[in-house]
Amino acid sequence: ILEERNIGEKKINFRLKDWGVSRQRYWGCPIPIMYDNTGNPHPVPNELLPVKLPENIDLDTKGNPLDHIKDWKYIEYNGEKFTRETDTLDTFVDSSWYFLRFCSPNEKNYGYNDDEINYWMPVDQYIGGVEHAILHLLYSRFFMRAIGYKKDNFKFNEPFEGLFTQGMVCHETYKDEKGNWLRPDEVETKDGKKYFVKNKLENVVTVGPSESMSKSKKNTIDPENIILNYGADAARLFILSDSPPEKDVQWSEEGITSSFKFIQKLWNLNTKILDEIKSDHKNDTDLEFEKYTNKFLKKVTENLESFSYNKIIANLYEAYSFFIKKINSQYTRTTLINNYKKILIAMMPVVPHLSSECLNLIDAKKISWPIIDENLIKEEIINIVVQINGKKRGLVKTKPDIIESELFNIISKDEQLLKYLNNKKIKKKIYIKNKLINIIL
């Protein structure tokens with residue numbers, strides 16, 4: 001509007017500030033600069049490249065450990081004395097182009113090979129924590145432009161096709177009476193209200209807010225202990241089930257315990273299915289097992305593709321409930337094995353260890369993502385939500401893919417819905433096929 005009236009125009013404002021690329025620490029890529037006696041910088045000559053970090057050094061020093069390694073820090077070149085740059089590059093520098101290196105891991109003479117870059121790039125899907133959503137993404141895009149500057153054979157401006165920003169894993173924070181941070185395993189509670197230093201009831205602990213896990217605040221959980229006590233599948237199940245992947249995960253002992261118990265239920269269900277397979281019933285009682293398997297596969301596939309991982313866990317719980325009810329319905333050995341194999345394969349992204357063990361027990365050797373039989377999941381009758389001015393007022397049972405006029409005709413004959421419509425003027429109707437209709441009065 002402003003441009004149409006000639007009183008303003010669109011402008012792009014770049015806010016990229018100068019980027020501090022060096023850190024005063026040992027780890028990181030050495031910066032190939034050296035200084036003469038007057039302090040002037042010089043690039044390290046080609047014959048002295050690559051600059052390698054010294055090994056077996058003492059990290060327990062004040063400041064940058066490299067400043068204390070005299071035989072590495074001071075060098076001679078062409079009879080002149082120089083001092084190496086002891087700062088190292090921030091790890092962002094490496095991680096801003098490492099995807100190019102992944103394309104050519106064996107290339108010895110250069111960072112990447114043009115043919116391999118053209119084959120693999122751009123990266124299909126970038127998944128990173130929220131702290132990567134701005135800086136790392138911005139630097140990666142900058143590097144691609146810098147590397148491709150005036151290079152006809154470098155065809156990529158953008159490094160990534162898609163971006164998904166995942167949430168952080170969070171935990172409560174704890175401090176003792178002196179204000180020192182405490183690890184979760186150093187804290188205990190008697191009633192869930194008051195917290196103490198473990199085995200020291202006189203030392204009261206202050207409980208802080210749940211924050212992203214960090215070493216500085218000591219609110220981290222040791223993955224080794226979790227795997228030892230509950231298994232990797234339980235940890236994966238809990239993290240995926242707690243919330244949508246773009247949201248933060250609130251770590252809790254109750255949550256991981258609940259996931260562990262559900263895996264035991266799945267294992268017990270597996271035993272029942274194996275018993276039914278051994279029974280080898282002669283004929284199937286119905287098509288319910290096959291229908292449900294295909295519905296399950298469709299839901300899981302769609303939820304995987306849309307990053308709705310927490311919904312996949314809900315699908316698992318639904319499937320468990322269905323099988324517990326139907327497992328004694330006397331299905332044939334072939335039906336059980338064929339369908340159970342497909343379900344286990346679909347479960348593999350969430351609980352790979354359990355799934356692999358169960359697949360092994362039914363001797364399933366050839367594994368590929370199952371093909372969905374759409375004919376088995378067509379619904380003869382569906383429920384459509386009826387909203388009046390955005391509020392749900394009822395459900396209408398109808399055939400799939402019904403047109404709006406036919407649907408409204410059914411609604412007009414429904415006594416429960418008619419009372420909301422009588423003597424009212426309809427402004428418009430919003431129809432989402434096979435899902436809902438919203439009638440605006």
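Analyst: This is a predicted model. A search of the whole structure finds 14 salt bridges. Let us start with one residue and follow its partners.

Take E158. It forms a salt bridge with R141. Their closest N and O atoms are 2.7 Å apart. Where do the two partners E158 and R141 sit in the chain? R141 is in helix 5, which covers 135-147. E158 is in the loop between helix 5 and strand 9, and that strand covers 160-166. The two residues are 17 residues apart, and the pair links distant parts of the chain.

Now look at R145. It also forms a salt bridge with E158, with the closest N and O atoms 3.1 Å apart. R145 lies in helix 5, while E158 lies in the loop between helix 5 and strand 9, so this pair ties together parts that are 13 residues apart in sequence.

R141, R145 and E158 are linked in a network of salt bridges. E158 is bonded in this way to R141 and to R145.

Are these residues buried, partly exposed or exposed? Buried means under 20% relative accessible area, and exposed means over 50%. E158 has a relative accessible area of 32%, so it counts as partly exposed. R141 has 34% and is partly exposed. R145, at 38%, is partly exposed too.

Next, move along to another pair. K299 forms a salt bridge with E318. Here the closest N and O atoms are 3.4 Å apart. K299 is in helix 9, residues 288-305. E318 is in helix 10, residues 309-326.

For contrast, turn to some buried residues. In helix 13, residues 404-412, the buried residues are L407, F408 and I411. They cover an arc of only 95° around the axis, which puts them on the same side of helix 13. What do the buried residues of helix 13 pack against? They pack against strand 16 (382-388) and strand 17 (391-398) among others. Helix 14 (415-421) is also a packing partner, as are strand 18 (428-432) and strand 19 (436-440).

Methods:
Residues are numbered from 1 along each chain as its sequence is written. This is a predicted model: local features need pLDDT of at least 70, side-chain atom pairs count only at pLDDT 80 or more; totals for chains, interfaces and linings use all residues. Side-chain values use heavy atoms; hydrogens and water are left out. A salt bridge is a side-chain nitrogen of Lys or Arg within 4 Å of a carboxyl oxygen of Asp or Glu. Helices (H or I, at least four residues) and strands (E, at least two) are DSSP runs, numbered from the N terminus. Buried means under 20% relative accessible area, exposed over 50%, partly exposed in between (1.4 Å probe, protein chains only). The arc is that of the directions from the helix axis to the C-beta atoms. Contact means heavy atoms within 4.5 Å.
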